[in-house]
Amino acid sequence: MSEDAPINLGNAGTGFALVAAAGLSTALGAAAVFEQRVVKLASKPILGAGLGFSGGVMLYVSFIEIFGKSQGAFEADGYEEKDAYFSATACLFGGMALLRLIDTIVHRIDSSHSVCCDADCGDTARASSLDMPALT
């Protein structure tokens with residue numbers, strides 16, 4: 001973009017309105033926990049579904065942005081568009097496989113770190129954490 005090109009601010013109002021709406025939504029959600037009636041309406045399945053959905057959206061947006069940058073970097077390095085797409089895809093899934101391998105190795109080295117879904121898991125986790133020396 002050259003220095004002489006005019007800046008288009010036609011969408012500035014829409015952008016500002018969306019940012020303001022997102023900020024107000026965050027504030028409203030944070031304020032809701034102080035109202036006892038709203039807290040009583042919340043159930044674990046609804047909260048879990050909401051958390052899962054928002055986490056999925058964040059992962060999707062992050063992956064799409066990183067994937068586009070990766071593909072662009074391959075194209076800038078001289079790859080054709082088709083080969084750059086394939087290379088970016090291979091790197092994405094290769095990274096996932098590498099993280100899974102690292103996770104498996106860590107759990108084989110120290111199997112005491114695991115996710116517990118039993119009802120009495122919290123008591124077991126608290127009891128085992130009391131046995132460990134404090135890091136000071």
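**First stop: a glutamine and its neighbours**

Select Gln71: apart from residues up to four places away in sequence, Gln71 touches Glu81, Ala84, Tyr85 and Ala88, where contact means heavy atoms within 4.5 Å. Gln71 sits in helix 3 and is buried, with a relative accessible area of 15%. Buried means under 20% relative accessible area, exposed over 50%, and partly exposed in between, using a 1.4 Å probe and protein chains only. Helices are DSSP runs (H or I, at least four residues), numbered from the N terminus.

A word on what you're viewing: this is a predicted model, in which local features need pLDDT of at least 70, side-chain atom pairs count only at pLDDT 80 or more, and totals for chains, interfaces and linings use all residues. Residues are numbered from 1 along each chain as its sequence is written, and side-chain values use heavy atoms, leaving out hydrogens and water.

**Next: helix 4**

Now select residues 81–109, which are helix 4. Which of its residues are buried? They are Ala84, Ser87 and Ala88, and what covers them includes helix 3 (44–76). Click on Ser87: it has a relative accessible area of 15% and touches Phe74 and Tyr79, not counting residues up to four places away in sequence.

**Last: the rings**

There are 2 aromatic pairs to find (ring centres of Phe, Tyr or Trp, its six-membered ring, within 6.5 Å; planes under 30 degrees apart are stacked, over 60 edge-to-face, the rest tilted). Show Phe67 and Tyr85: their centres are 5.4 Å apart and their planes at 80°, so this pair is edge-to-face. Phe67 belongs to helix 3 and Tyr85 to helix 4, so the pair ties together parts 18 residues apart in sequence. Then show Phe74 and Tyr79, with centres 5.2 Å apart and planes at 75°, so also edge-to-face. Phe74 is buried at 19%, while Tyr79 is partly exposed at 37%.

Technical notes:
Helix = DSSP H or I, 4+ residues; strand = E, 2+ residues; numbered from the N terminus. Expected span 1.5 Å × (residues − 1).
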